[in-house]
Amino acid sequence: MGVTTKDLARICGVSRATITRALYGTGSIKEETKRMILDTAKELGYQPDLMARSLVMGKSRMIGTVVVDLRNQYFPKMIDAIEKRTKESSYMLNISLHEDDKEEEKRLIRAMVGYHADGLILNCINKDADFEKMLGQLGIPYVILGYRVFKNSHTVGVDEYEATYKGVNFILEKGYKEIIFVVPPLYDEDGIPNIGHADRKRGFEDAAGKSGCRYTVMHGDDYLEQALDYMRTKAESRPAFFCSGDTFAGEMINCFSKNGYRLPDDYGLMGYDCVSFYQNFSPKLTTVDNHVEQMGYEAANMLIDMIEGRDVPQNIKIPVDIVEGQTL
């Protein structure tokens, strides 16, 4: 069994309260006494009981992050940025994955609170009012990844509508007269819309509609079959496909190539998210960079400010840029 605070108190000839003040920096203590205790603790290999410390101080210096998964490069990049910011302020990051399971997301959030997390950074798939009410009753601050996902919550993210509107105009500037927006299913199994992709769809339709170009929207799991059918039977010119995610764009490149269509001779292509893997494709993918690292860093920074009692804005909007490749 390791050395305890009781052992340290006996060896140093002081009270356990004095040991606590020295180890955790709470209360008044003489500098020479503090140094003697810290040196003794180091010499004896004392390891603090972090759970006990959290009970004493009311803070665990642990931040919980609950996201969907780490299978593509989007969330790993974000998690790296979150961890960088938390380390700067000596917080530890605890990462959990809900794998698109709404009940699991709720369970993980409650578990983080049970383990005395000081605050949470969340990528929510639950979007209803009851879920936001649950978050408000947790008793700890939280930040949602996604710009203005909930009216009464603190959020950090991209204005998806504005970003997609900008992307459409970039495609039009390249001379395309025919644009197809490719997006995954817009509603989950409970009929709740995917807010991010729905906002991107609105941005696409408003920008394309205003321009007077020929446009359509393809959504659903069979988008590759829809896209091939469009190329074979409906295309009137060399169309541009605007995918609501680089993953979809990458799959389209592979599918179209197998069916004899070449970039950029037969069609144009634009992605969204600026995933570095697809930036190494040849030809290089043109995409919307939503600066996911900045999003993660700002979310962690906002949460730490909230934990430490500083004023923060309710919503932070991350700007986007177009990364030009060779696919338009």
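Student: Helices (H or I, at least four residues) and strands (E, at least two) are DSSP runs numbered from the N terminus; going by that, where is T287?

Tutor: T287 sits in strand β10. Keep in mind that this is a predicted model, where local features need pLDDT of at least 70, side-chain atom pairs count only at pLDDT 80 or more, and totals for chains, interfaces and linings use all residues. Residues are numbered from 1 along each chain as its sequence is written, and side-chain values use heavy atoms, leaving out hydrogens and water.

Student: Is T287 buried or exposed?

Tutor: Buried, because its relative accessible area is 0%. The cut-offs are under 20% for buried and over 50% for exposed, with partly exposed in between (1.4 Å probe, protein chains only).

Student: What's around T287, skipping neighbours within four places in sequence?

Tutor: Its contacts (heavy atoms within 4.5 Å) include D246, M270, Y272, C274, Q279 and I322. A polar atom of the T287 side chain also lies 3.4 Å from the backbone nitrogen of C274. For a polar contact, you want a pair of N or O atoms within 3.5 Å; within protein, one must be able to donate a hydrogen and the other to accept it, and residues adjacent in sequence count only if both atoms are side-chain atoms.

Student: And which sheet has β10 in it?

Tutor: An open, mixed one of 6 strands, ordered β7-β6-β8-β9-β10-β12. Its edges are β7 (214–219) and β12 (321–323), each pairing on one side only. Pairing here means that DSSP finds at least two bridges between two strands. From one strand to the next, the twist averages 20°.

Student: How do β6 and β8 pair?

Tutor: In the parallel sense, over 4 bridges, with β6 at residues 178–183 and β8 at 240–243. I180 stands opposite F241 in β8.

Student: Which helices pack on that sheet?

Tutor: Helix α8 (residues 160–173) does, touching β6, β8, β9, β10 and β12, and its direction makes about 160° with that of β9. Helix α10 (residues 223–233) lies across β6, β7 and β8, at about 150° to β7. Axes are lines fitted to C-alpha atoms, for helices over the stretch in contact, and angles run from 0 to 180 degrees between N-to-C directions.

Student: How does α8 pack with α9?

Tutor: Their axes are 7 Å apart, at an angle of about 40°, which makes the two helices oblique to each other. On cut-offs, under 35 degrees is roughly parallel, over 145 roughly antiparallel, 65 to 115 roughly perpendicular, and the rest oblique. Among the residues that meet are Y161, Y165 and L172 in α8 and R200, F204 and A207 in α9.

Student: Which other strands form an open sheet?

Tutor: β2-β1-β3-β4-β5-β11, in that order, with parallel pairing. The edge strands are β2 (92–97) and β11. β5 (residues 154–157) and β11 pair over 3 bridges, and T155 has N315 as its bridge partner in β11.

Student: Last one: where's G309?

Tutor: In the loop between α13 (292–307) and β11 (315–317). G309 is exposed, since its relative accessible area is 60%.
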